[in-house]
Amino acid sequence: MRKKFVAGNWKMFTDHATAKKLAQEVVELMAGNHQVNVALCPPFTYLQTVGEVLKGTHIALGAQNCYHEKEGAFTGEISPAMLIDIGCKYVILGHSERRHKMGECDIAVNKKVHAALNAGLHVILCIGESLDERQANKTNEILKNQLDGSLAGVNATCFKSLVLAYEPVWAIGTGHNATPQQAQDAHAFIRSWIAKHHGAEVAAQMVIQYGGSVKPDNAASLLTQPDVDGGLIGGASLKADQFLGIIRAGM
Ligand code: PEP
């Protein structure tokens, strides 16, 4: 039985005071709720502060990106070891905003995945098709290519430290979420890819989140699909009550 996992991707939002307050509100609202795994992924600059708020709770800390090198002359980059040092359990990699706005390709994502897993981080790997690709009936082909590329060389034993997030690009931040059936179909396809490459047992244990305009009022229909194991939440994770509404829908 897979435990649901809901993560908040705060993107490039909040300042120091609002990040601290938001984390405190989530902690208060989550008190005594251990039914769902939860992580908060603030901007790099607030990881320390949010980490202090989360200390002693079962809510995990995550980052939104990292670089693939251990250290060196890489101005502006953050290594996986630095994220562990500051208390991160998770790192989001391959988010569509990084793929499409920062030009990250599967080869770059794959290097980051290896570096993060080798350092001991858990990876939330995002994949998903654009609107044009969906309209051209290429969703499964795109998902397959992204899985083949981003997970090249990652062996089955590493999959226990891996979470996949199916995030159709057309649903992220748009208010147009995938229908529960569209999400279920994509998740089932992703699980079948894992089964084909790494076996049925690994596939059955794999947590696959859905991301893309999840709100408290549509969360239940998405998160109760058989292959949907939680959510990666952007906009609605910036309001503690909305985020908690989504977490409760997953229970
Ligand atoms: C995201 O940033 O991963 C995301 C799913 O954003 P939103 O929930 O705002 O669509």
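This is a predicted model: local features need pLDDT of at least 70, side-chain atom pairs count only at pLDDT 80 or more; totals for chains, interfaces and linings use all residues.
Me: Where do I start with the interior? Which residues have the most contacts inside the largest nonpolar core?

Reply: Think of a nonpolar core as buried residues joined through their side chains. Here the largest one has 65 residues. Leu-151 and Leu-164 have the most contacts inside it.

Me: Which helix gives the most to this core?

Reply: Helix α11, residues 240–249. It supplies six residues.

Me: What does Leu-151 touch?

Reply: A contact means heavy atoms within 4.5 Å. Leaving out residues up to four places away in sequence, Leu-151 touches Val-113, Leu-125, Phe-159, Leu-162, Leu-164 and Trp-193, among others. Asn-110 and Gln-146 are also on its list.

Me: Which residues does the second core include?

Reply: Phe-5, Ala-39, Ala-60 and Cys-126 are among them. That core is separate and has 13 residues.

Me: Which backbone atoms lie by the ligand's oxygen atoms?

Reply: For polar contacts, look for N or O pairs within 3.5 Å. A polar backbone atom of Gly-173 is 2.7 Å from a ligand oxygen. For Gly-234, the backbone distance to a ligand oxygen is 2.8 Å. Gly-235 also places a backbone N or O atom 2.8 Å from a ligand oxygen.

Me: How much of the ligand does the protein cover?

Reply: Compare with the ligand on its own, which has 290 Å² of accessible area. The protein covers 98% of that.

Note on methods:
Residues are numbered from 1 along each chain as its sequence is written. Side-chain values use heavy atoms; hydrogens and water are left out. A nonpolar core is a set of buried Ala, Val, Leu, Ile, Met, Phe, Trp, Tyr and Cys residues joined through side-chain atoms within 4.5 Å. Buried means under 20% relative accessible area, exposed over 50%, partly exposed in between (1.4 Å probe, protein chains only). Helices (H or I, at least four residues) and strands (E, at least two) are DSSP runs, numbered from the N terminus. A polar contact is a pair of N or O atoms within 3.5 Å; within protein, one must be able to donate a hydrogen and the other to accept it, and residues adjacent in sequence count only if both atoms are side-chain atoms. Accessible areas come from the Shrake-Rupley method with a 1.4 Å probe; for residues, only the protein chains shown count as cover.
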